[in-house]
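This briefing goes through one structure topic by topic, for use alongside the sequence and coordinates. Cut-offs are given where each term comes up.

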Amino acid sequence: MKRFHVHLHVDDLNRSIGFYSQLFDAQPLRVEGDYAKWMLEDPPVNFAISTRGGKPGIDHLGIQTDDAEELAVLKARAEAADMALLDEGTTTCCYARSEKHWITDPQGVAWEHFHTLGNIPVFNEAPQPATGKAAACCAPNSGPDATNPASSCC
């Protein structure tokens, strides 16, 4: 089974957790100091929010798979879309170890395809950027000002 994924940047995590918990009629499955995630069944959505990254709003969209075979099918589709593909392989982000790749759509929206391999106790294991700003889930640089849409922020 595949599950749609949405990751939003928020200004106030606790207020947003309260709002989305009411909206979804469910508490988040995981809450950290900078992050919360719901794994909704109806509709099947992996919905995550964090205070990391840029301005509030959509950080990236994606599709989570249950196994490596489904991920391989999504990778083939992404390659067929004739857009630059960033294959991160096995990586860590959003308190999880995953196998993933990224593609950026013609509007500059980053799409993540991933298969979660397990949980980890930190947001990611990559070094923090020199700017001191907390990076989001390593979504490729995107948008109208991106110079290299296939490059990762990590």
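Leaving aside neighbours within four places in sequence, His5 is in contact (heavy atoms within 4.5 Å) with Asn46, Ala48, His60, Leu61, Gly62, Ile63, Glu112 and Phe114. The model is predicted: local features need pLDDT of at least 70, side-chain atom pairs count only at pLDDT 80 or more, and totals for chains, interfaces and linings use all residues. Residues are numbered from 1 along each chain as its sequence is written, and side-chain values use heavy atoms, with hydrogens and water left out.

**His5**

- His5 belongs to strand β1, residues 2-9; strands (E, at least two residues) and helices (H or I, at least four) are DSSP runs numbered from the N terminus.
- His5 counts as buried because its relative accessibility is 4%; buried means under 20% relative accessible area, exposed over 50%, and partly exposed in between, with a 1.4 Å probe and protein chains only.
- The His5 side chain makes a polar contact with the side chain of His60 at 3.1 Å. A polar contact is a pair of N or O atoms within 3.5 Å; within protein, one must be able to donate a hydrogen and the other to accept it, and residues adjacent in sequence count only if both atoms are side-chain atoms.
- The backbone oxygen of Asn46 is also reached by the side chain of His5, at 3.0 Å.

**Sheet**

- Eight strands form an open sheet with mixed pairing, in the order β2-β3-β4-β1-β5-β8-β7-β6; two strands pair if DSSP finds at least two bridges between them.
- β2 (30-32) and β6 are the edge strands, each pairing on one side only.
- From one strand to the next the twist averages 20 degrees. Axes here are lines fitted to C-alpha atoms, for helices over the stretch in contact, and angles run from 0 to 180 degrees between N-to-C directions.
- Helix α1 packs on the sheet and touches β1, β2, β3 and β4, while its direction makes about 10 degrees with that of β3.
- β5 (residues 57-65) pairs with β8 in the parallel sense over five bridges, and Leu61 stands opposite Trp111 in β8.

- Seven of the nine residues of β7 (residues 96-104) are buried, so the strand is mostly covered.
- β6 (residues 85-93) and β7 run antiparallel and are joined by eight bridges; Asp87 stands opposite His101 in β7.
- The hairpin of β6 and β7 has two residues between the strands, and Cys94 in the turn has a positive phi of about 55 degrees.
- β7 and β8 (residues 110-119) also run antiparallel, joined by nine bridges, and Gly118 in β8 is the bridge partner of Arg97.
- Five residues lie between β7 and β8 in their hairpin, where Gly108 in the turn has a positive phi of about 95 degrees.

**Nonpolar cores**

- A nonpolar core is a set of buried Ala, Val, Leu, Ile, Met, Phe, Trp, Tyr and Cys residues joined through side-chain atoms within 4.5 Å.
- The largest nonpolar core has 13 residues, of which Leu8, Ile17, Tyr20, Trp38, Phe47 and Ile49 touch the most other members.
- The elements giving two or more residues to this core are β1, α1 (13-24), β3 (35-41) and β4 (44-50).
- Not counting residues up to four places away in sequence, Phe47 touches Val6, Leu8, Tyr20, Phe24, Ala36, Lys37 and Trp38.
- Another core lies apart from it, with six residues, among them Tyr35, Ala48, Tyr95 and Phe123.

**Loops**

- The peptide bond from Asp42 to Pro43 is cis, with omega near 0 degrees; Pro43 is found in the loop between β3 and β4.
- Asp25, in the loop between α1 and β2, has phi near 55 degrees, a positive value in a residue other than glycine.
- Asp25 is exposed because its relative accessible area is 71%.
- Asp82 lies in the loop between α2 (68-80) and β6 and counts as exposed, at 70% relative accessibility.
- Asp82 and Ile103 are 21 residues apart in sequence and 9.7 Å apart in space, C-alpha to C-alpha.

**Confidence**

- The chain averages a pLDDT (the predictor's confidence in each residue, from 0 to 100) of 80, and 81% of the residues score at least 70.
- Over residues 130-136 the pLDDT is below 50, and beyond near neighbours in sequence this stretch has 17 contacts in the model.
- Residues 142-154 also have pLDDT below 50, with 27 contacts in the model beyond near neighbours in sequence.
- Where pLDDT is low, the predicted coordinates should not be read in detail.
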